[in-house]
Amino acid sequence: MTAELPLNDIAPGTWKPNRGRSETIQLIIKIICGAFATISILTTIGIIGTLIFEAFSFFGNLPSELSKDSEQVSYMQGVIHFLTAGRWTPLFASKQFGIFVLISATLMITFISILVALPLGLLAAICLSEYASPKIRKVLKPVLEILAGVPTVVYGYFALLTVTPFLKTFFPVEGFNSLSAGIVLGIMITPMVASLSEDAIYSVPQSLRDGAYALGGTKRETVWSVVLPAALSGIVSSLILATSRAIGETMIVTLAAGANPTLGFNPFVPVMTMTAYIVQVTKGDAPHGTIAYQTLYAVGITLFLITLALNIFSFWFVRRFRQKYD
Amino acid sequence: MQDIRNQTMTDTALKAEKISVYYGSTLAVKDVFLDIPRNQIVAFIGPSGCGKSTVLRCFNRMNDLIPSARVDGNILFDGENIKRFDPVELRRRVGMVFQKPNPFPKSIYENIAFGARINGYQGDMDELVERSLKGAALWDEVKDKLKESGLGLSGGQQQRLCIARAIAIEPEVILMDEPCSALDPISTLKVEELMHDLKMQYTIVIVTHNMQQASRVSDKTAFFNAQATEAGGKMGYLVEYDETQVIFSNPREEYTRDYVSGRFG
């Protein structure tokens with residue numbers, strides 16, 4: 001029996017595993033990977049640290065900017081002014097710092113873009129994953145993804161020079177307005193919604209569809225009552241990601257929505273979003289160290305906190321509602 | 001005359017006449033003739049790839065959902081060719097339970113109510129849910145958590161939920177595609193007991209890899225085998241179909257004898 005086991009016959013020294021060397025290589029790889037991971041973490045910490053630091057100095061300087069001869073403004077009053085004032089005029093002689101003016105513009109344009117992207121993107125996703133023949137799907141999906149590759153500045157010009165004149169025939173819109181910017185922004189994020197939702201719908205197991213068909217379900221009943229609810233968490237998270245993208249989008253809103261900080265939700269007039277304001281200031285109007293310069297960071301951190309909150313919500317939502325199929 | 005017709009109608013629930021199934025240009029199953037008697041349990045046994053599940057899926061036209069599949073031959077359901085049925089209507093009357101439990105990601109209640117609702121059930125939904133769950137011997141285990149997700153149940157409970165879901169729409173035939181292959185022995189036993197009870201009301205066709213299961217639960221057994229084709233694939237065919245007792249104790253074919261005695265497969 002033992003004679004049949006060839007291993008016993010092998011002369012010593014045939015196998016020389018290089019344990020020592022592979023451990024050294026392993027260690028070097030570990031160090032390199034660790035270094036790169038640390039760099040990306042440090043960069044993030046650095047950016048957030050700068051944001052927080054400069055935002056704090058903004059709030060530190062805010063009271064003296066707001067104080068007039070007759071009355072002194074406290075630190076708390078400065079913060080309250082920031083959150084509640086109805087005007088945003090840091091570059092003017094009479095400075096006001098009502099951030100909600102910028103937030104309202106951002107929210108309104110984002111809302112309009114979601115109104116466009118949700119039905120377009122979701123229906124495109126359903127169509128691609130459930131109704132399109134493999135041939136059509138093969139053509140349509142890349143086309144959709146090309147749409148995602150169009151530079152945003154092109155979208156911006158499209159909004160300004162094509163959509164706005166078109167809207168003028170129906171609505172009393174001005175040359176710059178949030179309706180046009182919102183619609184085009186919606187078109188921009190549609191591929192994202194469609195592509196991610198399509199992934200979510202596509203990953204619903206075939207066994208669930210079979211189960212619905214075997215109960216005498218029609219295609220419509222199967223898709224709408226079984227497949228879509230099963231893909232809900234993925235669809236919602238795609239929507240939230242697209243929303244974050246819309247909130248942070250800069251070029252389209254700068255070009256098409258104007259640079260006129262206006263409080264309110266009138267989609268026909270020029271407004272100024274948070275991102276558009278950041279563009280305006282960084283283009284060089286504000287000297288380093290002034291309060292106008294520091295507003296950049298105050299706006300930046302507000303923007304950051306909004307998208308962070310959305311991402312956390314999306315993370316929580318997906319974990320809460322995700323279905324596990326083995 | 002009327003009597004004779006009723007007689008034949010009650011005797012045979014499903015009749016397969018020379019069924020062949022193709023996937024693309026590949027012949028997967030060839031020339032199956034089979035009568036499924038009413039209110040009996042018929043088991044399909046055979047080695048992997050012999051086309052048992054494929055034939056089963058012909059009975060409720062699930063193969064229609066696979067774009068490349070083509071079914072030749074005729075299947076009569078209550079004496080009428082199933083090609084003349086609307087597949088949606090056929091599937092309501094010929095229910096199916098799958099190999100892997102596939103409850104919908106909805107509440108236990110909604111899992112049952114879904115099929116009833118899409119088929120236009122007008123009666124008392126609560127009562128139907130209770131009756132179906134009792135029919136699948138699951139009621140006592142879930143009656144206090146009907147609003148919880150069906151995915152929270154154990155594998156065996158999920159499979160009984162799927163059976164409850166299938167019987168909720170009051171089919172005449174239930175097709176079971178290896179319903180116990182993902183279950184532990186105790187859950188398997190429960191499902192088998194359930195099949196005995198369901199036999200009073202329904203005709204059951206079960207595909208199984210487990211020969212003991214076939215001999216325990218079924219009245220008739222069909223043995224399928226696969227033969228190698230010239231193209232290098234496998235083609236399934238029906239070897240022998242008889243009373244279960246005959247198949248397991250005194251089959252006509254050599255292949256069947258070898259298979260049921262565990263010599264291959």
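**Helix contacts, salt bridges and phi angles**

Biologist: Which residues of α12(A) does α1(A) meet?

Modeller: Keep in mind that this is a predicted model. On the α1(A) side the contact uses Ile48(A), Thr50(A), Leu51(A), Ile52(A), Glu54(A), Ala55(A), Ser57(A), Phe58(A), Asn61(A), Leu62(A) and Glu65(A). Across from them, in α12(A), sit Ile291(A), Gln294(A), Thr295(A), Tyr297(A), Ala298(A), Gly300(A), Ile301(A) and Phe304(A).

Biologist: And how do the residues of that contact divide into nonpolar, polar and charged?

Modeller: Take the contact of α1(A) with α12(A) by residue class: 2 are charged and 6 are polar. The nonpolar ones number 11.

Biologist: At what angle do the axes of α1(A) and α12(A) cross, and is the crossing left-handed or right-handed?

Modeller: Helix α1(A) covers residues 19–66 and α12(A) covers residues 291–321, and their axes come within 8 Å, crossing at roughly 125 degrees. That angle makes α1(A) oblique to α12(A). As for the hand, the crossing of the two is left-handed.

Biologist: What about α3(A) and α8(A): how far apart are their axes?

Modeller: Here residues 99–131 form α3(A) and residues 219–230 form α8(A), packed at an angle of about 120 degrees. Their crossing is right-handed. The axes are 12 Å apart.

Biologist: Which residues of α8(A) make that contact?

Modeller: From α3(A) come Leu123(A), Ile126(A), Glu130(A) and Tyr131(A). The contact of α3(A) with α8(A) has 7 nonpolar residues, 3 charged and no polar. The α8(A) side is Lys219(A), Arg220(A), Val223(A), Trp224(A), Val227(A) and Leu228(A).

Biologist: On to charges. How many salt bridges does the whole structure have?

Modeller: Side chains of opposite charge can pair when their charged atoms come close. Searching over all chains, the count of salt bridges is 20.

Biologist: Pick one in chain A: which residue does Glu198(A) pair with?

Modeller: The closest N and O atoms of the salt bridge are 2.5 Å apart. Glu198(A) lies in α6 (residues 178–202) of chain A and its partner in α4 (residues 134–149) of chain A, so the pair ties together parts 61 residues apart in sequence.

Biologist: In chain B, is Arg93(B) buried or exposed?

Modeller: Arg93(B) meets Glu172(B) in a salt bridge, 2.7 Å from N to O. The two are 79 residues apart, with Glu172(B) in the loop between α7 and β7 of chain B and Arg93(B) in helix α3 of chain B. Glu172(B) is partly exposed at 22%. With a relative accessible area of 18%, under the 20% limit, Arg93(B) is buried.

Biologist: What is the relative accessible area of Arg160(B)?

Modeller: Arg160(B) forms a salt bridge with Glu141(B), the closest N and O atoms being 2.8 Å apart. Glu141(B) is partly exposed at 32%. Arg160(B) is buried, and the value is 3%.

Biologist: Last one: what is the phi of Lys18(B)?

Modeller: Lys18(B) sits in strand β1 (residues 12–23) of chain B and is partly exposed at 46% relative accessibility. Asp31(B), in strand β2 of chain B, also has a positive phi, near 50 degrees. Lys18(B) is not a glycine, yet its phi is positive, about 55 degrees.

Conventions:
Residues are numbered from 1 along each chain as its sequence is written. Chains are lettered from A and ligands numbered from 1 in the order in which they are written. This is a predicted model: local features need pLDDT of at least 70, side-chain atom pairs count only at pLDDT 80 or more; totals for chains, interfaces and linings use all residues. Side-chain values use heavy atoms; hydrogens and water are left out. Axes are lines fitted to C-alpha atoms, for helices over the stretch in contact, and angles run from 0 to 180 degrees between N-to-C directions. Helices (H or I, at least four residues) and strands (E, at least two) are DSSP runs, numbered from the N terminus. Angles under 35 degrees count as roughly parallel, over 145 as roughly antiparallel, 65 to 115 as roughly perpendicular and the rest as oblique. A crossing is left-handed if the near helix is turned anticlockwise from the far one by less than a right angle, and right-handed if clockwise. Contact means heavy atoms within 4.5 Å. Ala, Val, Leu, Ile, Met, Phe, Trp, Tyr, Cys and Pro count as nonpolar, Asp, Glu, Lys and Arg as charged, and the others, Gly among them, as polar. A salt bridge is a side-chain nitrogen of Lys or Arg within 4 Å of a carboxyl oxygen of Asp or Glu. Buried means under 20% relative accessible area, exposed over 50%, partly exposed in between (1.4 Å probe, protein chains only).
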